[in-house]
Amino acid sequence: MADQGKRVRFLSGVQPSGRLHLGNYFGALKQHIALQDEGEAFYFIANYHAMTTVQDPKALAQATVDVALDYLALGLDPRKAVFFRQSDVPEVPELAWVLSCVTGKGLLDRATSYKDKVARGITPSMGLYAYPVLMAADILIYRSNVVPVGEDQVQHIEMTRDMAAAFNATYREIFPIPAHRLDAGAKVPGLDGQKMSKSYGNTIEIFEEGNDLRKKVMSIVTDSTPLEAPKDPDKCNVFALYRLVASAGEVAEMAGRYRAGGFGYGDAKKALLEKISACFGPFREERKRLAREPAYAEGVLAEGGARARAEAQATMRLVREAAGLPPMPAAAAGAARRG
Ligand code: ADP
Ligand code: TRP
């Protein structure tokens, strides 16, 4: 790479707060998996963040396993990417505290996702309020350069940049200033045309199949244009989803059918259903196989956690020193051993 051989470090996280859906796939996972070939990749399951909304311990543990299986089935390669659980790196909440002391409260007051979540009835806990600080710690502790995410997370990355700059100015230059990176499918609509989201109950899950999948696709909201009339594909939720799973040629062909008239939304839904199955069918089989051998996913996460933690500890040695905190006793012993 141009920067004297230094590779870009990508980092991203996904919360285990429910089954992953097409919005998560096209807005996040697909891009994460592609980027594992373009630089160093660190991906984690944000189980600390999920505690802001999931307080059933069994549900949290199960969703964590589900996200791991989803990523591995969809092509995350543990030989290329460091894949781990957020909670395997307890240095992250430590850095979050350090960052919170150099971050103005006003910055957090401006977070739109906090306001949205509270408006939707989520308890405004301190954890929910400080969510962007924990997220900044996730990004900065591995000194990441690029954070691939969907549109709704961009403000959090901007806040991370502010926090990194505040730390660097207060103490010394430890953190690179990270940038976000948006994927093409940045805003996937749900069944009702709003942004697809677990919290809106309008999702199509990545690993949904059979009758459940059929019912959902058939329930996608469309307007009442009669079958014979020409239709504008760009105003249709079915078409917006179709363009994510079909080839460029198939998309152009369907757009032509919409405009010509005589093509009903029911036909478009059938075509969409087929394409979803063609797109995710092979991954479904792989996921079933992985689910039968849970020790494999557990081993991947444990190993990834150890690698991520070593990176985090190296950063925290610098942070502690810069802030006037003594070294962690264990880290100090480790450093002494290494001479
Ligand atoms: P949800 O809204 O279902 O709770 P999350 O907030 O956990 O989803 O999002 C996980 C990742 O998936 C984030 O990077 C987010 O930007 C992306 N994402 C979620 N929903 C969509 C969507 N409808 N379109 C594009 N990206 C999305
Ligand atoms: N807040 C992100 C989401 O809901 C998940 C997340 C936590 C994250 N820490 C992160 C994403 C760090 C990117 C980088 O989607």
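**Exercise 1.** State which elements each supply at least two residues of the shell around ligand 2.

*Solution.* The elements are β1 (9-14), α8 (131-141) and β4 (146-149); helices (H or I, at least four residues) and strands (E, at least two) are DSSP runs, numbered from the N terminus. With 4 residues, α8 gives the most to this shell. The model is predicted: local features need pLDDT of at least 70, side-chain atom pairs count only at pLDDT 80 or more, and totals for chains, interfaces and linings use all residues. Residues are numbered from 1 along each chain as its sequence is written, ligands are numbered from 1 and chains lettered from A in the order in which they are written, and side-chain values use heavy atoms, with hydrogens and water left out.

**Exercise 2.** Determine how far the side chains of Q15, D138 and Q153 lie from atoms of ligand 2.

*Solution.* Step 1: an N or O atom in the Q15 side chain is 3.1 Å from an oxygen atom of ligand 2. Step 2: for D138, an N or O atom of the side chain is 2.8 Å from a nitrogen atom of the ligand. Step 3: a polar side-chain atom of Q153 is 3.0 Å from a nitrogen atom of ligand 2.

**Exercise 3.** Sort the residues of the shell around ligand 2 by class.

*Solution.* The shell divides into 8 nonpolar, 5 polar and 1 charged. Here Ala, Val, Leu, Ile, Met, Phe, Trp, Tyr, Cys and Pro count as nonpolar, Asp, Glu, Lys and Arg as charged, and the others, Gly among them, as polar.

Note on methods: A polar contact is a pair of N or O atoms within 3.5 Å; within protein, one must be able to donate a hydrogen and the other to accept it, and residues adjacent in sequence count only if both atoms are side-chain atoms.
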